[in-house]
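Welcome! Take a moment to look over the chain and turn the model around, and then we will walk through it together.

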Amino acid sequence: MNDAMSNSMSNINTADYWDEIYSHEWQQGKVLAEDYNRDYGPIHDAIIALIPDGSRVLDIACGPGILCRKIKQRVANAQVMGVDFSQYTIEKNRELDHLLGVEYVCFDIGNSLSSIKREFDVITMCEILEHLDEPERVVADAMSLLRRGGRFILTCPHDNEIPDPEHVRPWGHDEIFHLLAPYSNTISFRHFPPPYFHVWIQAYLTKGE
């Protein structure tokens with residue numbers, strides 16, 4: 001059995017799994033609570049600081065829409081699309097943000113990104129890389145949707161210091177550099193220490209000509 005097939009069979013990150021997780025969090029009122037554990041505070045602030053006004057933004061694996069909402073509220077004239085494979089949270093996001101103007105779409109992120117027929121100025125992949133069986137393919141699909149000169153922003157736990165059954169593999173500086181190097185001559189990094197579970201890493205680039 002090859003590694004990709006083995007990972008796919010053991011990966012608990014299915015649409016049904018995340019529907020259950022998110023339904024619990026929405027129904028318990030956690031998503032809108034001030035101490036919601038998926039509101040990454042300063043990490044989100046650092047992401048938003050990299051998004052120019054008027055950008056067309058795609059947030060891949062948007063979950064409960066925390067980052068999408070912040071971008072729409074804080075980046076002037078931004079057009080924001082959030083995609084996730086949890087139908088439950090996509091529907092809840094639509095209900096909550098119908099006046100805000102965020103577009104939410106349910107997609108199988110691992111297989112269907114390339115079916116999005118539009119181009120973006122900024123693409124974010126936050127807290128999703130560590131969950132993927134085929135991260136190289138998903139990043140390649142995402143990059144195909146990013147315009148030349150556009151910005152790609154990625155965040156994830158650094159080196160997975162605390163094991164998590166949702167995480168397929170750990171990601172450190174070197175692994176992320178090699179993942180993103182084909183798309184730009186310069187990869188920039190920023191590290192975030194606790195108070196989160198452990199050290200977080202942000203990587204971003206401008207897509208090469």
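Is cysteine 68 buried or exposed? Cysteine 68 has 0% relative accessibility, so it counts as buried. Here, buried means under 20% relative accessible area, exposed means over 50%, and partly exposed is in between, using a 1.4 Å probe and protein chains only.

## Before we start

This is a predicted model, in which local features need pLDDT of at least 70 and side-chain atom pairs count only at pLDDT 80 or more, while totals for chains, interfaces and linings use all residues. Residues are numbered from 1 along each chain as its sequence is written, and side-chain values use heavy atoms, with hydrogens and water left out.

## Cysteines without bonds

A disulfide is a covalent bond between the sulfur atoms of two cysteines. To count as one here, a pair of cysteine sulfur atoms must be within 2.5 Å. By that rule the structure holds zero disulfides.

Helices (H or I, at least four residues) and strands (E, at least two) are DSSP runs, numbered from the N terminus. Two strands pair if DSSP finds at least two bridges between them. Seven strands form an open sheet with mixed pairing, in the order S3-S2-S1-S4-S5-S7-S6. Its edge strands are S3 (103-106) and S6 (188-192), each of which pairs on one side only. From one strand to the next, the twist averages 15 degrees.

Strand S6 pairs with strand S7 (residues 200-206) in the antiparallel sense, over five bridges. Within this pairing, histidine 191 has isoleucine 201 in S7 as its bridge partner.

## Strand S4 and its neighbours

Strand S4 (residues 120-126) has seven of its seven residues buried, so it is largely enclosed by the rest of the structure. On one pairing, S4 runs parallel to strand S1 (residues 56-60) over four bridges, and leucine 58 stands opposite isoleucine 123 in S4. S4 is also joined by six bridges to strand S5 (residues 146-157), again in parallel. There, threonine 155 in S5 is the bridge partner of cysteine 126.

S4, helix H7 (residues 135-144) and S5 make a right-handed β-α-β unit. Right-handed means that, with the strands pointing away from the viewer, the path from the first strand over the helix to the second runs clockwise.

For a residue inside S4, look at valine 122. Valine 122 counts as buried, because its relative accessibility is 1%. Its contacts (heavy atoms within 4.5 Å) include Ile51, Leu58 and Ile153, not counting residues up to four places away in sequence.

## Helix H8 over the sheet

Helix H8 (residues 173-180) lies across S5, S6 and S7, running at about 20 degrees to S7. Such angles run from 0 to 180 degrees between N-to-C directions, and the axes are lines fitted to C-alpha atoms, for helices over the stretch in contact.

## Aromatic pairs

Rings of Phe, Tyr and Trp (its six-membered ring) pair if their centres lie within 6.5 Å; planes under 30 degrees apart count as stacked, over 60 as edge-to-face and the rest as tilted. How many aromatic pairs does the structure hold? There are three aromatic pairs. One of them joins tyrosine 17 and tryptophan 18 edge-to-face, with 5.4 Å centre to centre and 85 degrees between the planes. Tyrosine 17 is partly exposed at 23% relative accessibility, whereas tryptophan 18 is buried at 7%.

Tyrosine 40 and tryptophan 200 form a tilted pair, 5.5 Å centre to centre with 35 degrees between the planes. Tyrosine 40 lies in the loop between helix H2 (15-27) and helix H3 (42-48), and tryptophan 200 in strand S7, so the pair ties together parts that are 160 residues apart in sequence. Tyrosine 40 is buried, with a relative accessible area of 8%, and tryptophan 200 is buried at 3% relative accessibility.
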